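Here is my note on the model you asked about. Have a look at it first, then read on.

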Amino acid sequence: MPGIEGWGGRKNSVGEITPPAKFKGVSLESLCNLVGGVASSQGVRVVAKDGYAITFSYDQLTKSDFVTYDPATGDEIPHGKLKVILAYEMNGKPISENEEGILRIAVVDSKDQVTDGHWWVKWVNAIEVKTLVTEWTLKLKGAI
């Protein structure tokens, strides 16, 4: 599969920024297309070897539905066409197995930008296409 290159960094939950680096990998959307694609009612769940998991929506994969931040200030900025990739290279070298795992999720663009860190799954060991909507009923009983 063709590799996609782009720049991406991440902002953690306390606002600290890991500056953008150049990543190379395979588009998560293209990988899903190999098994029938992703419908608008589905998402893609990515699981790390430690059990951490995050689900990307159809809109995130196809319409760049992410918040992006300026790498220097952390302020929200507009972005171009972001791609979610299963990255295997960072700055022209294989990703370190000890630090990041040999495969990790990166959200990249052609220019420097930063996205929320929870999207950046490292040590990826499973990718699942799943239905996002499940019907359920909640029954409550008791006094008001």
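1. Ground rules. You are looking at a predicted model, where local features need pLDDT of at least 70, side-chain atom pairs count only at pLDDT 80 or more, and totals for chains, interfaces and linings use all residues. Residues are numbered from 1 along each chain as its sequence is written, and side-chain values use heavy atoms, with hydrogens and water left out.

2. Overall build. The protein has 2 helices and 11 strands, these being DSSP runs numbered from the N terminus (helices H or I, at least four residues; strands E, at least two). Along the sequence the order is β-β-α-β-β-α-β-β-β-β-β-β-β. Its C-alpha atoms fill a box of roughly 60 × 35 × 30 Å along the principal axes.

3. Surface and contacts. Of the 144 residues, 37% count as buried (under 20% relative accessible area; exposed is over 50%, partly exposed in between, with a 1.4 Å probe and protein chains only). The protein exposes about 8600 Å², with carbon and sulfur atoms supplying 51% of it; the areas come from the Shrake-Rupley method with a 1.4 Å probe, and for residues only the protein chains shown count as cover. Among contacts (heavy atoms within 4.5 Å) with a separation of 6 or more, residues 24 or more positions apart account for 58%.

4. The core. A nonpolar core here is a set of buried Ala, Val, Leu, Ile, Met, Phe, Trp, Tyr and Cys residues joined through side-chain atoms within 4.5 Å. Of the 26 residues in the largest one, Phe23, Leu28, Val46, Phe56, Val84 and Ile105 touch the most other members. Two or more residues each come from strand 2, helix 1 (28-33), strand 3 (42-48), strand 4 (53-57), strand 7 (83-90) and strand 9 (104-108). Leaving aside residues up to four places away in sequence, Phe56 touches several residues, including Leu28, Val46, Val84, Ile105 and Trp119.

5. The pocket. A pocket is an open set of points on a 1 Å grid over the protein atoms alone, where a 1.4 Å probe fits, with protein on both sides within 12 Å along at least five of seven lines; lining residues have an atom within 4 Å of a point. The largest pocket has a volume of about 160 Å³, meaning the space filled by probe spheres set on the points, which are joined across faces, edges and corners. Of its 14 lining residues, Met90, Ile95, Ser96, Glu99 and Glu100 are the closest to its centre. Which strand gives the largest share of the lining? That is strand 2, with 4 residues.

6. Gly101 and Arg104. Gly101 sits in the loop between strand 8 and strand 9 and is buried, at 1% relative accessible area. Not counting residues up to four places away in sequence, Gly101 touches Ile95, Ser96 and Trp123. Arg104, in strand 9, is a charged residue by name and counts as buried at 2% relative accessibility.

7. Two positive phi values. Most residues other than glycine have a negative phi. Ser64 has a phi near 55°; this residue is in the loop between helix 2 (58-63) and strand 5 (68-69) and is buried, at 5%. Trp123 also has a phi near 55°, but is partly exposed at 22%, in the loop between strand 10 (114-116) and strand 11 (124-131).
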